[in-house]
Each structure stands twice: as structure tokens, then as C-alpha cells.
Amino acid sequence: MAEIVCGNRATREINADIKQAIAAGDRDIVVKDPGARHNLGVAVLAPVRIRFTGSVGYYCAGLSDGPHIEIDESAGWGLAESMMNGEIVVRGSAGNGAAAAIRGGTVVIHGDAAARLGVSMKGGTVLVAGNCGYMAGFMGQKGAIVVCGDVGDAFADSMYETVCFVGGRVAGLGTDAIVETPSKEDAAWLDATLAQHLPQARKRGQDFQKIVAGRKLWNFDKREWKVWQEAL
Amino acid sequence: MCGIVGFFAKDGGGQAEIGQTIVGMLRALGCRGPDSAGVALYGAPDDGRFAVRVKLGDAGDLESRAHRIISRLESFSGVSHFSTIGAYARFLVSGDTDLKQLTNAIESLDKDVEVVSLGHSLEIVKQTGSPDNLEKTYCVSRMKGTHGIGHTRLSTESRVDLSHSQPFWSHGYPDLAIVHNGHITNYHQLRRRYEQHGVRFYTENDSEVVAIYLAQQISKGASLQEAFERMLRDLDGSYSCLAATERELGFVKDTFALKPLVMTETDKFVAVATEEIAIRAALPGQYSVREAQVREVRVWRR
């Protein structure tokens, strides 16, 4: 196991240490006292485990491909942004734009997520044990968003094929978002996914609403001008 | 960019290390705003008197300016503890002073003379440059008190000088100060409306209108909480904004959550900052930090 202490060192040095440890064959890396620094553990392209023993700042675990990264406290903006694959776990809360534009992998947030969770996702899964803020799922193209608590306003706005599940209240649906009855496959997937990543988060007998795109914005139709006026 | 910070001590009996905490937080956000740094610190009130801080000018013979201010203050009662440090003069004046008369007497001296802060417990110190330089010039970390706010500025649309730096005191309204990160996009419209009603703007910084807006709402009887809620309706653009009064600290986040702001609350303190790095740098210990939500308004009061 490699141990990296952040101390007063620059992010560039800490990230270089992480890369060096990986190159030396370490598969288990602990980074101590991250102090909410930005850009920690970006572009890790190997199936290693990295644990940050505090809070991290912006863009942690961005551009990942394959690692398992755990953050003991909270994360700032753009957590795991554009991740290709891997598993990113935050024990605390996440700032704006968590899991934005991910293409694969899983982001697990044990606390709350702020605004713009999982916007423009192109694959992968993001799971939130608590609540999420404003405009989650905006323009989501693929993948799944699961929020066990409440979701903020403009939820699932202007989506393509991202599928959302909400255990709590929806403050307001975004343009073209509709509630759909979950299929048996949906229920099975949700059970398995929550059991694997957030076994404590689901309340007993809690049902989830399924929210998807109504597909009204996928093609322009002059007869639906009213919908467009609202969307734009 | 810009960085904003706020700290509210729940204990310490008015003797918390406010200066040290706010400067410590600001240092961590120095890279978000290299143009200027400033603090608004709330000390223990001085038996009903007002503490006044005056910017003596942008350049020239500041000492002779100070002498001219002293002579103009002769017609006011209870003036004491006059001192000068850096670009500022500071003095105390009796609590029943006509504030309009006082500011007119001082500011009519020249157009670059400005009452930067006035209040029972408010002390604003700001200048161009880094938080380190602010500390070097004014030793702000020595100040003890109850709460405070701070700002590091990256100027986007207006001049870089002391007057355009933040925090802004709400001219005419004792003890109310604000810091703002963002843009107020209907600034010109609001400014025109206020100027038609005789309100003076001291700068071309859009953040100044936040201080004026909040002062107007509070003067009409709104609480700080209500004033922030009205601000969400009346001020357009992106903003994370902190405001403080003699007894309160609060924040508002805009209707699109476009600007960052994180907060933590323990049984000993409340800390709010643009980035968590500022809170972690200044405050050791175990606590959790979360991002403020869209349209969130919070006010803490002692």
C-alpha cells in the first residue's frame, strides 16, 4: 500500500506521486489530508484503489478510466466529470455538476448532491443516498440517475435516453420530462444496484418513481411550437 | 471568479479570533481574486458610539487630508480616538450623530475621499493586492470579535482600486456590509432607478447595488432573510452573496446556482466560503461541508 501525505505540497506533485505509485505496481493508495484541494486524482487510467482521507475540491476523479476512488468527506464541483469507467464513492456531499458527462462507471454519493447532478451523461450510473439539487439530469443522453431522497426543480429537463429513479419528492419536472411506470426489469435492476452500492439508503418498502424524456423535443415539429417556446 | 468568505462565532463572548480566521480563509482563496482583498469585521460594540473609517484618497498628501478631516470634525460632538493607518483615517463619534451631515462634511473634501465603513461594531479594511498584503499593511488578523466577511477580487468590468474593492458598506446604513461573487445583470437598470431617487453610487462595480438594495429593503422593515428573498426576485444574474449586520450573518445563492458557495455549521461556529479549501485551511477539526442549494437563503443571528 502506498501512502501519500499532501501537507503543503502542490496538487501537481501529489498527482505525480499517485501516477508514480501506480507505475510502481501499487494497487492500493491512500492520500492523506487532501484539504479540499482541486484536481486530485484526475485521469487515473488503471484499476487501482485510491482513498482520500478528507474532502476534495473541484474535478476530483475526472477523466477516470477504471479506478475505485473513495472520498471520506465531501467533494467540490465536477466530481468524476467525463469518467469513462470506474467507481467513485463520496461519503459526504458532492458539489455542483457531480458525474457530469460521464460515459460509464458508477458514482455513489452517500450525502446530498447539489445542482446539475449528472448533466449530459452519456452512460454510467450515479446514485445518491440523500437529496439532489436543481436541474439534475439536464440533457442526459444515456445512463441512469438514482436519487433515494428528494430532487430539486427542473428535474430531468430536455433529456434524451437517461433513465431516472426518484425515491422522494420531485420539486418540479423539467421540460419534456415524464413519469413512467417502472417495468419488472427496472425494478430488478434498481434492487440489485441499490443492494450493491447503497444497501442502507433505501427505506423499507420505498417505491421509486421512474422519470424519462417525453421525446417531444427530439424532433422539431411546428405544431408543437408551444413546447419549444417553453423549452427555449 | 472572486472568492468570498464568512465566519460567525457562536461562542467566544465577542472575543473570537475573527480577524485571524477571516484572513486565513481569504489566503486560501487568494488565487481566485488577485486584484484586491478586503474584510468586514464585527468587534464588540463600543458603548453606542460609531466607529468610522475614511479612505483619505487615492494618492497625494494623505496626511494633510487627515488634518483637514480633523478640522471638519470639530463641529461634531463626541469625536475621539482619531488615528490614521495606511490609506485610512479612523475615529469614534457619538451615537446620536447625524450621519448624513457627517458623511457630507467628510466627503465634500474631495471626490476621492469616502466613508468606507461606519457602524457600532463594523470595521471594513480593503485594498488592492493579495490577502497577505492586506495583513501586512493593516494587521487585520489581530482583531477579535463576533463575526466577519471577506472578499478576494478578480475584476471583470470595473476599475481596480480601493473604492471598487469589497466588502461594500451600505452607505448610510450603519453596520450593514456585503460581499458578492458574480454578476448583477440588471445593474444598470437598478442603478438608474436608484439614482432617480437620489441614491449616490460611489463606484461602477455592480456589486455595490447589492449593498444598496439590501439597505433599502431593511430600511423598509424587512429582515435580512426577507431582504435576501426579495433579492432573488429583483436582482438578475449570477450571485453568491454574503451580508452581515451587527448581529447577523447570512447568504443567498442565485436562481440558477451559477456561483459556488459551501457552508458548514457546528455548535461553535458557522463558516461559509466560495470553496471548501478556505474552510479547511482556517478551521481544524471534524465537521462536514456542503454546497448551498439554488435559491437558498440562510441567516444566523445572535
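Trainee: Hi! What share of the 232 residues in chain A is buried?
Mentor: Buried residues make up 50% of chain A. Keep in mind that this is a predicted model.

Trainee: Good to know. How many helices and strands does chain A have?
Mentor: Chain A has three helices and 11 strands.

Trainee: And in what order do the elements of chain A run?
Mentor: Starting at the N terminus, the order is β-α-β-β-β-β-β-β-β-β-β-α-β-α.

Trainee: Which domains does the assignment give for chain A?
Mentor: Domain 1 covers 1-71 and domain 2 covers 93-232. Taken over C-alpha atoms, the centres of these domains of chain A are 29 Å apart.

Trainee: Let's talk contacts. Within chain A, what percentage of those with a separation of 6 or more comes from residues 24 or more positions apart?
Mentor: That share is 25% in chain A.

Trainee: Switching to the partner: how many residues of chain A are in contact with chain B?
Mentor: On the chain A side there are 20 residues, and they are in contact with 13 residues of chain B. By class, the chain A side of that contact holds 12 polar, five nonpolar and three charged residues.

Trainee: Now some backbone geometry. Is the peptide bond from Gln166(B) to Pro167(B) cis or trans?
Mentor: That bond is cis, with omega near 5°. Pro167(B) sits in the loop that links strand 8 (147-153) and strand 9 (168-169) of chain B.

Trainee: Is phi of Arg215(A) positive or negative?
Mentor: Positive: phi of Arg215(A) is near 65°. Most residues other than glycine have a negative phi.

Trainee: Where is Arg215(A) found, and is Arg215(A) buried or exposed?
Mentor: Arg215(A) lies in the loop between strand 11 (209-213) and helix 3 (225-231) of chain A. Arg215(A) is exposed because 12 other C-beta atoms lie within 10 Å, and the cut-off for exposed is 12 or fewer.

Trainee: What about Arg295(B), what is its phi?
Mentor: Phi of Arg295(B) is near 60°, again a positive value in a residue other than glycine. Arg295(B) belongs to the loop between strand 15 (290-291) and strand 16 (297-301) of chain B.

Trainee: And why does Arg295(B) count as partly exposed?
Mentor: Arg295(B) has 18 C-beta neighbours inside 10 Å, whereas a buried residue needs 20 or more and an exposed one has 12 or fewer.

How values were computed:
Residues numbered from 1 in each chain as written. Chains lettered and ligands numbered in written order. Predicted model: local features only at pLDDT ≥ 70, side-chain atom pairs only at ≥ 80, totals over all residues. Helix = DSSP H or I, 4+ residues; strand = E, 2+ residues; numbered from the N terminus. Contact = placed C-beta atoms within 7 Å. Domains from an automatic or database assignment. Nonpolar A, V, L, I, M, F, W, Y, C, P; charged D, E, K, R; others polar.
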